[in-house]
Amino acid sequence: MFFGVVIGAILACGGNAATAVDHVINDGLISAISGTAGIFLFLVILGTIVALVNKSGASAAFGRWAKTHIKSRAGAQVAAFVLGVLIFIDDYFNCLTVGSVMKPVTDSHRVSRAKFSYVIDATAAPICMIAPISSWAAAVTSYTEGTAIEGQGFEYFIKAIPYNFYSLLTIVFVLAIIFMKADFGPMRRHELNAINNGDLFSTDERVETTESETNPRGRVIDLILPIIVLVAISVVGLIYVGGFFTAGETKGNFVTAFAGTDATVGLPWGAMLALILIIGYMLVRRLITFKGAMDCIPLGFKAMVPAITILTLATSLKNISNGLLNASGYVEVLMKSEAAQNMASFLPAVIFVIACVLAFATGTSWGTFGILIPIVCTMFKVGDPMLVICMSASLAGAVCGDHCSPISDTTIMASAGAECVHVNHVSTQLPYAITVAVISLVCYIVAGFVKNAYICLAIGVVLIIGFLAIVRMMNKKREAKA
């Protein structure tokens with residue numbers, strides 16, 4: 001992404017070195033940082049809350065509880081899935097917490113590390129992408145600034161959720177795989193080896209399990225309560241910024257205030273209050289000292305440096321490509337051509353594929369939809385249902401490519417959280433992600449014609465269940481021959 005920013009700056013100034021540097025620094029990086037400062041603050045607060053929860057012993061307490069109450073392999077996988085869904089605020093928060101909490105549980109039920117890392121990854125970016133209260137929602141909202149839907153970014157993010165077929169069908173796919181026991185590809189070998197031989201890795205390479213000291217006074221409620229407080233106060237922050245409590249048309253109207261809010265202001269507003277309350281709660285419970293709580297702030301910042309870097313570079317690339325090179329204007333001309341109009345119904349599928357390729361190559365979903373959202377917003381008029389569908393296609397494709405990419409930060413974090421060999425995680429996850437991507441592509445082709453999310457989702461669910469039923473039948477035939 002940084003090389004993209006530099007090349008864009010050189011193209012914009014015609015090769016003048018001094019002007020190119022000025023474009024990179026002022027029009028790219030500084031503009032990106034000033035425009036996304038609210039998201040940076042939200043990310044740092046999230047990282048701090050993660051550090052607080054882990055240091056208090058709450059994560060370890062949940063792991064101990066789960067280990068004594070979960071009695072089956074399917075139960076262990078579902079518990080990891082449910083915890084991943086509950087921690088929808090941020091994908092880093094998700095990967096780190098689910099990995100540390102559930103690893104002893106899945107290990108005790110002989111769930112391979114490859115399968116565990118897939119469950120983590122499948123409930124990280126895909127869940128955050130359809131969660132209104134998340135760092136991803138704030139990022140998407142920020143990328144609509146300067147477009148036709150500026151000021152309505154959060155509202156369009158909500159409208160796009162039903163059309164985010166990849167994220168929604170990934171949830172269906174994970175649950176179906178768990179309950180139907182229809183693993184296929186390299187994952188099947190890892191799972192069979194874990195079940196039959198107790199080998200969680202299936203390769204000579206191993207990742208040594210690391211155990212860290214935890215506070216024995218931590219309880220399950222100390223994990224659940226901070227999440228509830230964070231979500232509840234973040235909602236209050238969003239509607240406050242949307243004008244719910246102030247004089248005007250939105251006063252007292254929750255739906256209007258929520259739809260018209262600025263997530264880059266509302267989320268850090270709520271998260272800051274939540275952080276103060278969580279620190280106070282943990283001090284009262286004597287789970288952590290004041291000094292220990294303050295030590296978690298730099299730890300939280302450090303954990304979120306990769307996300308902050310990606311967001312800065314992605315926004316810089318958007319500023320250069322659209323602000324200086326007018327890429328969105330160029331694409332708008334192409335999309336208004338006669339050839340493009342003749343295939344307009346296929347645009348959601350085309351955008352989905354482009355987003356998949358971009359995210360896979362760059363390893364970042366934020367960078368991908370940071371480029372595509374402004375372009376999509378120039379292609380359709382405000383109020384056109386195709387704007388929502390194509391915006392969602394860019395988001396879904398970005399998540400899909402990110403899910404498949406071996407250089408994705410989320411994919412790497414999922415491997416780290418599960419303490420799985422990264423190559424194993426990527427090779428076993430890829431067939432699953434591609435399967436859902438192909439089915440999602442079919443849904444986007446249909447969506448371009450019927451423009452009804454629920455019909456498309458029903459088709460996607462049927463295709464997933466049918467495909468896995470065939471896989472399960474073939475697996476049983478192999479076992480019978482063996």
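Modeller: Let us begin with D107, which is partly exposed at a relative accessible area of 21%; buried means under 20% relative accessible area, exposed over 50%, and partly exposed in between, with a 1.4 Å probe and protein chains only. This is a predicted model, in which local features need pLDDT of at least 70, side-chain atom pairs count only at pLDDT 80 or more, and totals for chains, interfaces and linings use all residues. Residues are numbered from 1 along each chain as its sequence is written, and side-chain values use heavy atoms, with hydrogens and water left out.

Biologist: Which side chain does D107 meet in a salt bridge?

Modeller: A salt bridge is a side-chain nitrogen of Lys or Arg within 4 Å of a carboxyl oxygen of Asp or Glu. Here D107 meets R113, at 2.7 Å from N to O, and R113 is buried, with a relative accessible area of 2%.

Biologist: With which residue does K115 form a salt bridge?

Modeller: K115 pairs with D183, their closest N and O atoms being 3.1 Å apart. D183 sits in the loop between α11 and α12, 68 residues from K115. D183 counts as buried at 9% relative accessibility, and K115 likewise at 2%.

How values were computed
Helix = DSSP H or I, 4+ residues; strand = E, 2+ residues; numbered from the N terminus.
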